[in-house]
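Trainee: I would like to learn how to read a multi-chain model. Please take the features in turn.

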Amino acid sequence: MDIKNQEKLHTDLLTMNMGPQHPATHGVLRVEIKTDSEIIAEAIPHLGYLHRCKEKHSENLDYRGIIPYTDRMDYLAAMNMEHGYCLAIEKMLGTEVPKRAEYIRVMMAEMQRIASHLMFFGTYAIDLGAFSPFLYAFQDREFILRIFEELSGARLLYNYIWVGGVWNDINDSQLKRIEKFMVELEENVKKYHSLVGENAIFIGRTANVGVLTKDQVYDYGATGPMLRGSGIDWDLRKTRPYSIYEEFDFNTVVGVGAKGTVGDCWDRYYVRVFEIFESIKIVRQCLDGIEEGPIMGKVPKVLKVPKGEIYLRTECPRGELGYHIISDGTKTPYRVKVKSSCFTHVSMLGEMAPGQMIADFVATIGSIDIVLGEVDR
Amino acid sequence: MSSTTLTPIKETEGLTLKKWFLNIYRAVTSVSKGMMITMKYAYGVKPVTIEYPEVREVLPENSRSRLYNDAENCISCYQCAVACPVDCIYITATKRDKDADKIKTSNGTAIRLDLVQYTIDTALCCYCGLCTTVCPTECLTHTTDYEFSQYTLDSMKYDYLAPDIRSWRDRIVK
Amino acid sequence: MHSEIVEFLNAEVSGCNAVYNAAEVGDSSITIASTHIKSACIALKNSSKFNMNVLQCITATDYIEEDEIELSYILASFIENTELILKVRVPRGDGVTLSVVDSVCDVWKSANYLERECYDMMGVKFEGHPDHRRILCPDDWQGWPLRKDYVVQEKYLDMTVNPPEKINQADIELFAKMRLDLEDPTLVTGSWKDDHAWIDQDLTAKAAGRLAEFKAAKKAKADAEKAKASSEEKGE
């Protein structure tokens, strides 16, 4: 075809909606993408499909009543959500949490992290076309959920970690089962990694895709595995230890660009999967260190947080979660702002997308591991 | 009307004969490795799912499922309604006559109010368990019954003073 | 750390009036003039001493009594391992004309979504924002949901928000209705506050009126009896 004819061709960008019911968008994210054939020119995320006014609700609830709402933000890591909130309130109140409760909390938070990363592992494999890893990951996740169910009474939204301690005590047989499971899990995850992470097709789909440089990551305020995937050694559990994390010996997993460039999708996958091993280490140390004692500290029946404000960040599976709680000294908080890591991560999609193929874009969305409940709150 | 031609940012490397064979080798090895693990799961692992309607799972003891209020032991203290974060518990009571017979709950607390309405809208309930922990007479409990789907929203509203509540309660509690 | 930053800001950004708010409980913060937020942020980011390289979040708080909205920029340095709450206060406005603050999108790109969320929830405009739209609420939403005086609209796109059957209005109102119907309204107690948002306000007013009436009548009767008794005593 000669050039004259080509100029007459209508070569506008094609605008498409990806989501809100697209299986690769992990919930109800809608991304408006402008494409030239397979190549994306622009991606605009549209949020708010799961907005449930958590922050507004919190202003009318007492401090204990907010905990079930925090569960529902990141429903795949509800324990971590509760943990951060309770730590913030306890810091304001000056409550001392019993040692046993602290151990149980950390153990639960780490097991939740394992469950969440297993979920990422499974869904990411599905995004890239492998189905069976999803089932394997769920099988292991099921054990963790079963332990949580026995302890807290619920499978997903626990309301287990309370201000001052934990709700229910853990017994020796459960501890033994966890110990046994950790051995099993360690072997399983190694197997899964060799099944997915070392697979040629998987590497081909993820290496050199969705690369984020250090500057970009800082500029966008990304945290958690996104930050570590780009080669930055930053983990709140190490750098600003909260709870009793300073007692534990574990490493920070940092992406090194083993299969491509530093900060690509494979690195983020690598950080998440190898964090499971570090979490296993922490759970084992918890099992060794757990001591007999009470599980609930001294907390007044009606919680009245003194006037002031606090901003407390904790390391959640998806990044840093910050609670900015402003209290006016009454039974209800004046303002609860949640700094959600996924919210900032979604804003990076617009930066990562231009020039990618649509299939690579799916890999990119999967690798940032968003939970829309936390994005929209 | 704009005329645009985009180029992908991901560079594709040129294919040489050596690479072509290397690719084939890599694909075969990683696929066979994957298939080995899959086969192990297919023949070596017991099934993990259960066939639901035939096999019913028994939930753990302190599982938080359908709420039940033993209205005879309720002292109408409203603590559950206050604690509820979604406001799904509706209670109204009238004061008992001073001359009427004195009644007590099973743990010995005197009942000074007559319940007129004790309704929980289970469609709104978030199963957080806050109401059961504040209950002074432990009359409000979570049961382990998880099969309570209904056709209409209205039937999700449980009036615990109505006699038909007893029917499902007797089914679960041994 | 805070006093150093105050000194630094006052020296570097003239007219920003940095004030250190020391807190007994929780975190301390620094308040500056709202007009200088951008220059203060640039100064903090570029200073080799503080290195605030990440904007963590922007919290908008509505202080309705002081008629002001407070924006808390939470900055963090991942190099120095510090964090800082930087505050500005802007007038609240009436919800139609909005206060304007300089956008810090040029300083940190993460500000883009955070500022959009602030605008969406609290109604603060950001001057120089590249994509100034609502983010969580739909584009045609009215009002600023996180303001303290926000009232939920009755209808949205011809759909009734909170229809009575969905909020169980009948159950909530039973309490007020019983007070109207029963012979002695003082006997009725319920788990509901009279000012509950979803109770029909006329009904509550009526019920409260009847209760007050009944109480007054009872008191009057008691007083009369008392007076009678005392007069009888006197008579004796």
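Mentor: Start with burial, where a residue is buried if 20 or more other C-beta atoms lie within 10 Å of its own, exposed if 12 or fewer and partly exposed in between, with C-beta atoms placed from the backbone. In chain C, 35% of the 236 residues count as buried. This is a predicted model, in which local features need pLDDT of at least 70 and side-chain atom pairs count only at pLDDT 80 or more, while totals for chains, interfaces and linings use all residues. Residues are numbered from 1 along each chain as its sequence is written, and chains are lettered from A and ligands numbered from 1 in the order in which they are written.

Trainee: Why is chain C described as more spread out than a compact globule?

Mentor: The radius of gyration is taken over C-alpha atoms, and the globule rule is 2.2 Å times the number of residues to the power 0.38. Chain C has a radius of gyration of 28 Å, well over the 18 Å that the rule gives for 236 residues, so chain C is more spread out than a compact globule. Along the principal axes, its C-alpha atoms fill a box of roughly 95 × 55 × 30 Å.

Trainee: Which residues of α6(A) are buried, and what covers them?

Mentor: Helices are DSSP runs of H or I with at least four residues, strands are runs of E with at least two, and both are numbered from the N terminus. The buried residues of α6(A) include Tyr136(A), Ile144(A), Phe148(A) and Leu151(A). Their cover includes α5 (99-127) and α7 of chain A, together with α1 (17-44) of chain B. After α6(A) comes Gly153(A), with a positive phi near 95°.

Trainee: How many residues does each chain bring to the contact between A and B?

Mentor: Two residues are in contact if their C-beta atoms, placed from the backbone, lie within 7 Å. Chain A brings 34 residues and chain B brings 30 residues. On the chain A side, α6(A) gives the most, with five residues.

Trainee: Where is Tyr75(A), and what does it touch?

Mentor: Tyr75(A) lies in the loop between α3 and α4 (78-93) of chain A. Leaving aside residues up to four places away in sequence, Tyr75(A) touches Leu156(A), Leu157(A), Val371(A) and Gly373(A). Tyr75(A) counts as partly exposed because it has 15 C-beta neighbours inside 10 Å.
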